[in-house]
Amino acid sequence: MEQATTLEHTEDVYEPSLTPDSLGKLGMWIFLIGDTMSFGALLAAYAALRTGAGVIGWVPPSEILGINLTAGMTFLLICSSVTMVKALESIQKGNVSRMCTFLGLTILGGVIFLGLQAYEWTHLIKHGLTLTEIPEHGLKGGAIAGSTLFGPTFYAITGFHGLHVTGGVIYLIVILIHGLRGRYTAEFNHEVEIVGLYWHFVDLIWIMVFTFIYLI
Amino acid sequence: MAQNGHNEHPKYMWIFLWLAVLTAIEVGIVIPDFPKALTIILLIGLACAKAILVAVYFMHLKFEKRTLAVIVITPFLICVFLVIMLLPDLTSDKRHEGIEKPAAEVVETTEH
């Protein structure tokens, strides 16, 4: 009897402070912090290459990239972030079908974003923005000249972000399938919250990429 | 850390509206001919405002323990530090001159 009491006491002492819910969430946050550094390094390298172009010069992004299309893509990602928080809000209130609808809309937003990016890339490649060359004429019609590093930095950074969106869409589809099978309830929904963290992060990074690569 | 089931939801539609308006302002700033430095400062300011809105409300940082916010801010500070460390390179125009001159001298000596 005395031994049993001691064991019980020991278990109390060694109870982990992180619950399965918070452990998953902390894991995602740690991943996102690492990912922030990856994007930070890419953007810092872009700044160094752009300002370091010196006498060769750097073509203003508005001469090559279509700002209106990307502004639309930014708006689309913001919309998909809203549908994501709505999905979490729905399941926290116990409404599974509403959560699935909003998750579906979020996935749709991600897929359209990827489609638009594919369209943009195809268009740019056709107009001569490759890994080794820049187009001869700008969007405003005049001849343009500048560092050929425009292409590789643009494709590396937007491509890295596009891969994140692709990963996010797959991740969301997995969560949606779980949702449709009735895995989530008003009490058990931390997995939806965790996929939400990832998706909002992808949106947050795009806000930065849009500003640094397209607007500045 | 986990606060599942909290009933206090922020007004997401307001945040959405703010994000949309800030994006429109960003695109609007690029069109007129403001001084370049001013445009860059405004754009970075607006981007940071949007990023903070997403992190605080959509990622629910406002409802988490403050420790998590401190942990999350750290990589952003390190990124800023990274750019500051690159500043001597970013602002130096002499870098190219330095590279070109010795290269020209090498060509000359090999010709002799």
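Author: In this predicted model, chain B reads α-α-α-α along its sequence. Its secondary structure amounts to four helices and zero strands.

Reader: What is the reach of helix α7 of chain A, and what is expected of it?

Author: Helix α7 of chain A, residues 190-215, also has 26 residues. From its first C-alpha to its last it reaches 36 Å, close to the expected 38 Å.

Reader: What makes α7(A) mostly covered?

Author: A residue is buried if 20 or more other C-beta atoms lie within 10 Å of its own. In α7(A), 23 of the 26 residues are buried, and the helix is accordingly described as mostly covered. In chain B, by contrast, 12% of the 112 residues count as buried.

Reader: Why is A:V96 called partly exposed?

Author: Buried begins at 20 neighbours and exposed ends at 12, with partly exposed in between. A:V96 has 17 C-beta neighbours inside 10 Å, and therefore counts as partly exposed. This residue belongs to helix α5 of chain A. Leaving out residues up to four places away in sequence, A:V96 touches A:I91, A:G179, A:G182 and A:Y184. A:Y184 is 88 residues apart from A:V96 along the chain, yet their C-alpha atoms are separated by 7.3 Å.

Reader: Which residues touch the most other members of the largest nonpolar core?

Author: The core has 61 residues, and those in question are A:A87, A:L103, A:L172, A:V192, A:I205 and A:V209. Helix α7(A) gives the most to this core, with 18 residues. Beyond its neighbours within four places in sequence, A:L103 is in contact with residues including A:A87 and A:L172.

Reader: How many residues of chain A are in contact with chain B, and what kinds are they?

Author: Two residues are in contact if their C-beta atoms lie within 7 Å. On that basis, 42 residues of chain A are in contact with 37 of chain B. Helix α2(A) gives the most to this side of chain A, with 14 residues. The residues on this side divide into 22 nonpolar, 15 polar and five charged.

Technical notes:
Residues are numbered from 1 along each chain as its sequence is written. Chains are lettered from A and ligands numbered from 1 in the order in which they are written. This is a predicted model: local features need pLDDT of at least 70, side-chain atom pairs count only at pLDDT 80 or more; totals for chains, interfaces and linings use all residues. Helices (H or I, at least four residues) and strands (E, at least two) are DSSP runs, numbered from the N terminus. The expected span of a helix is 1.5 Å times one less than its number of residues. Ala, Val, Leu, Ile, Met, Phe, Trp, Tyr, Cys and Pro count as nonpolar, Asp, Glu, Lys and Arg as charged, and the others, Gly among them, as polar. A nonpolar core is a set of buried Ala, Val, Leu, Ile, Met, Phe, Trp, Tyr and Cys residues joined through C-beta atoms within 7 Å.
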